[in-house]
2 protein chains.
Amino acid sequence: MRIGALEAGGTKMVVAVFDGENRCLRKASIPTSRPEETLPKMISFFQEEKLDALGIASFGPVDLHPESKTYGWITTTPKKAWRNVDLVGAFQKALKVPIGFDTDVNGALLGEVSFGSCKGLSDAVYLTVGTGIGGGVLSGGKLLHGMLHPEIGHLRVPRVEGDDYAGCCPYHKDCLEGMASGPAIEGRYGRKAQELASVPEVWDLESRYLAYGIVDLILTLSPQRIVLGGGVLHQEQLYPLIRKHVEELLGGYLSTPEVQDLSSYLVAPALRDEQGILGAMMLGKQKLTEKEKS
Amino acid sequence: MRIGALEAGGTKMVVAVFDGENRCLRKASIPTSRPEETLPKMISFFQEEKLDALGIASFGPVDLHPESKTYGWITTTPKKAWRNVDLVGAFQKALKVPIGFDTDVNGALLGEVSFGSCKGLSDAVYLTVGTGIGGGVLSGGKLLHGMLHPEIGHLRVPRVEGDDYAGCCPYHKDCLEGMASGPAIEGRYGRKAQELASVPEVWDLESRYLAYGIVDLILTLSPQRIVLGGGVLHQEQLYPLIRKHVEELLGGYLSTPEVQDLSSYLVAPALRDEQGILGAMMLGKQKLTEKEKS
């Protein structure tokens, strides 16, 4: 068996081929330039293998409704060249195999659910904090789509007392992404997050904003575990700080065993940087199983 | 066919019996006093009919995990007499029929999904604003439980500029419930919500807080529709105000057809006060179907 996987990101495309035992046979990284250039490169990578299915986990927003005319498209992305691009259609036409498709963050979560920190769970969240903030959600054993897909980065959070940074979200100014993404840290302090590693107040403030968002995720989605990933979380001092502030904010309100042990409830990705491509592979595998059943 | 239904509330218990065509045959209301008194009254109501199944939608928190030792219990409720009461067990012992069990708000949502404003939807939210604030969630066609069940009322919301009310939530002070429940309105203005019906600034402020909560529900749960019910929403002037503030807060970020028509996206319950008992009946009916299949 040969399963193709594409983790489609705004700066690079990771493409890979797996066998039936989830072993990676080939892998490559292709810069995300313009679709006319990038799509043919990815297609020729996959054409060298006789694939049984392909899974795509893509940056977005994307259209996930199978009955929609624009199913499989990247839609209103700020990356102009990729706006209204029929991503699934391009591969469908060239490869003629079943294609599973979801958001990049749902892909990363599916990787963690299949092989990593969330094995066996039915309800989990993957929150990524980097250039933007986003999240994937598993609810009742299924990746959550609903009306569109979750857009967790834009949660409205209270302002931390004493913080007068205006926020950098072009839509909402001071939503979670506007206050706690990598660019927000840089905007507030005039230096990149990595250069601020040894300044404790940076990470205390950052963890307070993330804790507000995480508490809202707990209260709405009721996950059994939350995975915290992305570039900003490479600052590992954030994990204990986030747990401390989440505990304070919950104020003893929820008394589940999960919440009483936050060190195993709010965790780092177990697959390091492989969750995305492994999740994409699983999207392909699931689509193949679905087709075989029907 | 005879399906029993119990809508278990903190002040009254509504009990009813339905036939196979969802017609209500008998209905009664029993005050919620102490379990020793209230439980036998409810049981004898149901014992007069030969039930095929019973559905219970209860105030909480409740334990919804079938594999848990305290499944079917009301757990850490502020109503002390009902703390750690084995609600499902009491009826199971007396009636010996399949029993479906969920939260009161999931029950109300199931009523609206089965017969009311959310027919045919797979992803919806029922938000109730009254003495407290709570919500039921349908995600991917299933009522959301996850780790516990959603506790939407305690979302952390930004403070509206100029509002210096401390908030009345005993756990969090100024969470959504602390700032926008009926008691919060009374606490802020020193008069009951009903007596303030003609004071526009009361409802503008109230709608701003509710809009913060609703936007967070949209961004996390991605529902296809949100039903807004409960005593405070009897102030019907709130609906257009809420829609206006939700639109402002979204800031054009989501461009789905649903969100572009907020008058059919943020709606009142269609079943008036029957959604709870009808949802409870559906919980019983679903449990019966499940048992018959297995």
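How many salt bridges does a search of the whole structure find over all chains? Counting a side-chain nitrogen of Lys or Arg within 4 Å of a carboxyl oxygen of Asp or Glu as a salt bridge, the search finds 26. The structure is a predicted model, in which local features need pLDDT of at least 70 and side-chain atom pairs count only at pLDDT 80 or more, while totals for chains, interfaces and linings use all residues. Residues are numbered from 1 along each chain as its sequence is written, chains are lettered from A and ligands numbered from 1 in the order in which they are written, and side-chain values use heavy atoms, with hydrogens and water left out.

One of these salt bridges joins the side chains of Asp174(A) and Arg159(A), at 3.2 Å from N to O. The pair links distant parts of the chain, 15 residues apart, with both Asp174(A) and Arg159(A) in the loop between strand 10 (142-143) and helix 4 (176-180) of chain A. Helices (H or I, at least four residues) and strands (E, at least two) are DSSP runs, numbered from the N terminus.

We turn next to the interface. Contact (heavy atoms within 4.5 Å) involves 43 residues of chain A and 43 residues of chain B. The two chains bury about 3500 Å² between them, 63% of it on carbon and sulfur atoms; buried area is the accessible area (1.4 Å probe) lost on putting two parts together, summed over both. In chain A, Met147(A), Arg156(A) and Tyr253(A) lose the most area to chain B, together 23% of what that side buries. Across this interface the rule finds zero salt bridges, but 23 residue pairs are in polar contact, both residues being at pLDDT 80 or more. A polar contact is a pair of N or O atoms within 3.5 Å; within protein, one must be able to donate a hydrogen and the other to accept it, and residues adjacent in sequence count only if both atoms are side-chain atoms. Helix 6 of chain A gives the largest share of the side that touches chain B, eight residues.

In chain B, five strands form an open sheet with mixed pairing, in the order 10-9-8-11-12; two strands pair if DSSP finds at least two bridges between them. Strand 10 (142-143) and strand 12 (266-267) of chain B are the edge strands, each pairing on one side only. Strand 11 (residues 225-229) and strand 12 of chain B pair in the parallel sense over two bridges, and Leu266(B) in strand 12 is the bridge partner of Ile226(B).
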